[in-house]
Amino acid sequence: MTAAESAVETIQREMTAFARRARASAGRMHPELSLVSYTLLGHLEERDGCRATDLASHYALDKSTVSRQVGALERAGLIERRLAPDDHRVQVLHLTDAGREILAQVTRSRRAAFRERLDDWPEDDLVRFAAYLERYNAGAVGGTE
């Protein structure tokens with residue numbers, strides 16, 4: 001195995017461990033908010049609302065999967081549907097005030113957890129790591145791997 005092949009194996013293993021840890025910690029951040037829900041809420045906040053089909057397309061998810069997630073978020077009072085101002089046949093998903101508050105709480109908790117975990121890293125390492133993650137994610141098709 002070449003050094004590059006070994007590095008790719010290590011990256012795959014470590015990214016898998018990272019994803020598992022992120023899913024496991026999501027429930028501790030807020031018991032009602034899964035990692036998927038947190039991600040969808042963040043996307044809605046970032047875009048100031050969007051259609052469910054846009055969420056499905058962006059995250060390369062099946063429409064039925066997004067529909068279930070959206071339904072749960074609506075029932076929890078975290079998102080609401082509004083008619084698009086330019087086309088009243090289209091419904092756009094938006095965060096409610098409760099959704100914004102929970103998203104802000106979880107975001108603060110997640111940032112604190114990252115800061116604690118990375119506290120002893122030199123600034124240069126943090127900057128490089130951030131740049132590598134941006135570079136890696138820029139190559140993702142459909143927002144997922």
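A residue is called buried when its relative accessible area is under 20%, exposed when this area is over 50%, and partly exposed in between, as judged with a 1.4 Å probe and with protein chains only. By this rule, buried residues make up 25% of the 145 residues in the protein. The structure is a predicted model, in which local features need pLDDT of at least 70 and side-chain atom pairs count only at pLDDT 80 or more, whereas totals for chains, interfaces and linings use all residues. Residues are numbered from 1 along each chain as its sequence is written, and side-chain values use heavy atoms, with hydrogens and water left out.

The secondary structure consists of six helices and two strands, where helices (H or I, at least four residues) and strands (E, at least two) are DSSP runs numbered from the N terminus. Along the sequence these elements follow the pattern α-α-α-α-β-β-α-α. The C-alpha atoms fill a box of roughly 55 × 30 × 25 Å, taken along the principal axes. When a contact is taken to mean heavy atoms within 4.5 Å, 49% of the contacts between residues at least 6 apart in sequence join residues at least 24 apart. The accessible surface, computed by the Shrake-Rupley method with a 1.4 Å probe, comes to about 10,200 Å², and 52% of this surface belongs to carbon and sulfur atoms.

With Lys and Arg counted as positive and Asp and Glu as negative, and with His and the chain ends not counted, the protein has 21 positive and 23 negative charges, whose mean positions are 4 Å apart. The place of each charge is taken as NZ of Lys, CZ of Arg, CG of Asp or CD of Glu.

Side chains of opposite charge can pair when their charged atoms come close. A salt bridge is defined as a side-chain nitrogen of Lys or Arg within 4 Å of a carboxyl oxygen of Asp or Glu, and the count by this rule comes to eight salt bridges. Among them is the pair of Arg-128 and Asp-125, whose closest N and O atoms are 2.6 Å apart. Because Arg-128 and Asp-125 are three residues apart in helix H6 (residues 123-138), about one helical turn separates them. Arg-128 is partly exposed at 40% relative accessibility, and Asp-125 is partly exposed at 30%.

Another salt bridge joins the side chains of Arg-82 and Glu-80, with an N to O distance of 2.9 Å; Arg-82 is partly exposed at 38% relative accessibility, as is Glu-80 at 31%. In the salt bridge between Glu-101 and Arg-108, the N to O distance is 3.7 Å. Here Glu-101 is partly exposed, with a relative accessible area of 39%, and Arg-108 counts as partly exposed at 49%.
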